[in-house]
Amino acid sequence: MSDTPFGFGLPPEEPENGDEGKQKDQQGGGGQGGAANPFGFGGFPGAGAPGGGDNPFAAMFGNMNPNDLGAAFQQLGQMLSFEGGPVNWDMAKQIARQVVSQGTADGTKDASVGPADRSAVEEAVRLADLWLDGVTSLPSGAGTAVAWSRAEWVEATLPVWQELVDPVAERVGSAMGDVLPEEMQAMAGPLIGMMRSMGGAMFGQQIGQAVGALAGEVVGSSDVGLPLGPAGKAALLPVNIEAFGKDLSVDLNEVRLYLALREAAHQRLFAHVPWLRSHLFGAVEGYARGIKVDTSKLEDVVGQFDPQNPEEIQQALQQGMFQPEDTPEQKAALARLETALALVEGWVDAVVHEAAKDRLSSAAALRETLRRRRASGGPAEQTFATLIGLELRPRRLRDASRLWASLTDARGVDGRDGLWEHPDMLPTAEDLDDPDGFVHREQLDFSELDKMLGEAAGGTSSTGGAPEAGPDLKKGDETDEGDTGK
């Protein structure tokens with residue numbers, strides 16, 4: 001992630017006139033910079049020049065190239081006129097695409113996916129689904145398999161990032177207006193509007209930087225344990241798969257196939273456990289509701305607000321503005337989220353290992369590499385930690401994986417996967433502490449609960465019989481109806 005995630009400056013482009021342009025840019029103070037250059041428009045080249053003090057506009061823009069000046073005003077106008085919500089998502093996409101175009105630290109550049117890579121991904125997902133058929137009762141959830149470039153991953157996942165981030169950003173925007181005394185808010189309407197527009201730009205910049213950085217590392221659409229891509233579409237990124245496997249001393253075909261197994265397993269889970277997506281996103285939102293904004297920092301900034309130095313607000317946003325409330329509700333929300341992520345990642349880990357261990361010689365090594373990769377976190381974790389104080393790290397992945405493996409031994413594949421039929425049947429955080437106790441506990445029967453919920457939603461049949469007497473009622477329909485009522 002960028003060292004200045006809330007900075008307004010866009011990544012600089014190469015000057016058309018080579019070294020001469022670079023020299024002029026340096027002399028003019030162009031590029032991204034510190035407090036004297038808050039918007040990244042280039043410095044104030046006329047400052048200190050003869051006549052500059054008598055003409056503040058000449059001091060600021062006198063020696064600026066007309067094209068740069070136009071771009072500067074255009075960007076400033078976009079920032080201050082934005083009214084589309086708490087986050088400027090157009091800016092976020094623009095920044096993310098530019099971060100992607102710069103390439104990663106190891107020098108890997110993004111590239112369009114060619115026919116050979118597309119064919120290899122499609123074949124890997126097809127074979128992965130075939131192997132998974134023997135180790136899980138959940139059918140395939142990937143209607144199609146696609147190979148994405150990094151830029152395509154950005155485009156495809158931004159709608160989900162918006163769903164996750166907007167609620168928190170909305171609270172920040174409100175806080176930026178609430179820090180003013182009530183009697184001043186009516187008089188300071190334009191200032192509040194400007195601050196909120198700037199807040200949307202700040203979040204857009206932050207999200208764009210983070211998503212762009214994440215696009216340089218992810219290998220699929222479900223790396224962070226959340227369904228970031230379109231439903232039913234298994235996606236892999238060939239350029240990142242090659243970078244991931246470069247130092248592993250493992251054949252690239254095996255690396256691709258193992259990662260395809262993980263992607264396909266995630267797709268099965270999210271496709272055939274209809275309540276899971278809302279359960280995970282609800283856990284994120286529940287945790288975010290308990291985050292309070294430290295308005296004292298914003299009050300200090302607003303009291304000394306300088307329109308020419310918006311980086312003061314930027315620094316306040318960047319340095320610990322979010323503080324989790326130490327309440328039982330907040331602790332419960334965090335535990336719910338961490339447990340949900342661990343259960344998803346643990347199930348995928350256990351199922352993929354079962355499918356690959358006798359077929360891929362590098363299965364054990366790849367499993368451990370990916371476990372450590374998830375445990376150490378990355379740009380995704382930093383994104384949420386910066387924005388809402390939340391880390392998307394399955395801290396108990398190993399515990400959950402062992403529990404799912406033990407369930408397979410004790411209850412079989414159907415018994416293990418049957419727990420996904422209802423959220424109340426899943427292991428809890430306490431069960432991860434005592435997996436043997438959960439595995440050998442008497443299995444809960446939710447059929448009566450589902451039947452009662454179904455009767456409450458649709459009424460009893462005209463014959464007075466039980467719902468299962470109806471010829472069109474299937475087990476899957478009964479489960480879905482119960483979940484809806486739940």
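This is a short walk through one predicted chain, from its overall make-up to a few single residues.

First, the ground rules. The model is predicted, so local features need pLDDT of at least 70 and side-chain atom pairs count only at pLDDT 80 or more, while totals for chains, interfaces and linings use all residues. Residues are numbered from 1 along each chain as its sequence is written, and side-chain values use heavy atoms, with hydrogens and water left out.

The overall make-up. The chain has 21 helices and 4 strands; these are DSSP runs numbered from the N terminus, with helices being H or I of at least four residues and strands E of at least two. Of its 486 residues, 47% are buried. Buried means under 20% relative accessible area, exposed means over 50%, and partly exposed is in between, with a 1.4 Å probe and protein chains only. Taking contacts with a separation of 6 or more, 77% are between residues 24 or more positions apart; a contact here is heavy atoms within 4.5 Å.

Now the core. The largest nonpolar core holds 90 residues. By nonpolar core I mean a set of buried Ala, Val, Leu, Ile, Met, Phe, Trp, Tyr and Cys residues joined through side-chain atoms within 4.5 Å. The members touching the most others are W153, W161, L276, L280, W347, W404 and W420. Helix α14, residues 328-356, gives the most to this core, with 13 residues.

Stay with W420 for a moment. Not counting residues up to four places away in sequence, W420 touches L269, V273, W275, L276, L343, V344, W347, W404 and L426. Both W404 and W420 are buried.

On aromatic pairs, the rule takes rings of Phe, Tyr and Trp (its six-membered ring) with centres within 6.5 Å; planes under 30 degrees apart are stacked, over 60 edge-to-face, and the rest tilted. The count by this rule is 3 pairs. W404 and W420 are stacked, because their ring centres are 5.3 Å apart and their planes are at 15°. This pair links distant parts of the chain, with W404 in helix α17 and W420 in the loop between α17 and α18 (429-433), 16 residues apart. W275, W347, W404 and W420 form one aromatic cluster.

T428 is also in the loop between α17 and α18. T428 is partly exposed, at a relative accessible area of 33%.

Next, a helix pair. How do α15 and α17 cross? The axes of α15 (residues 363-376) and α17 (residues 397-417) come within 11 Å and cross at roughly 135°. That makes α15 oblique to α17. On the α15 side the contact is made by R367, E368, R371, R372 and R374, and on the α17 side by L397, R398 and S401.

Q267 lies in helix α10, residues 252-272, and counts as buried at 8% relative accessibility. Leaving aside neighbours within four places in sequence, Q267 contacts G141, A142, S221, G232, K233 and A234.

S249 is in the loop between α9 (238-245) and α10. It is exposed, with a relative accessible area of 77%. Phi of S249 is near 55°, a positive value in a residue other than glycine.

Notes:
Axes fitted to C-alpha atoms, helices over the stretch in contact; angles between N-to-C directions. Parallel < 35°, antiparallel > 145°, perpendicular 65-115°, else oblique.
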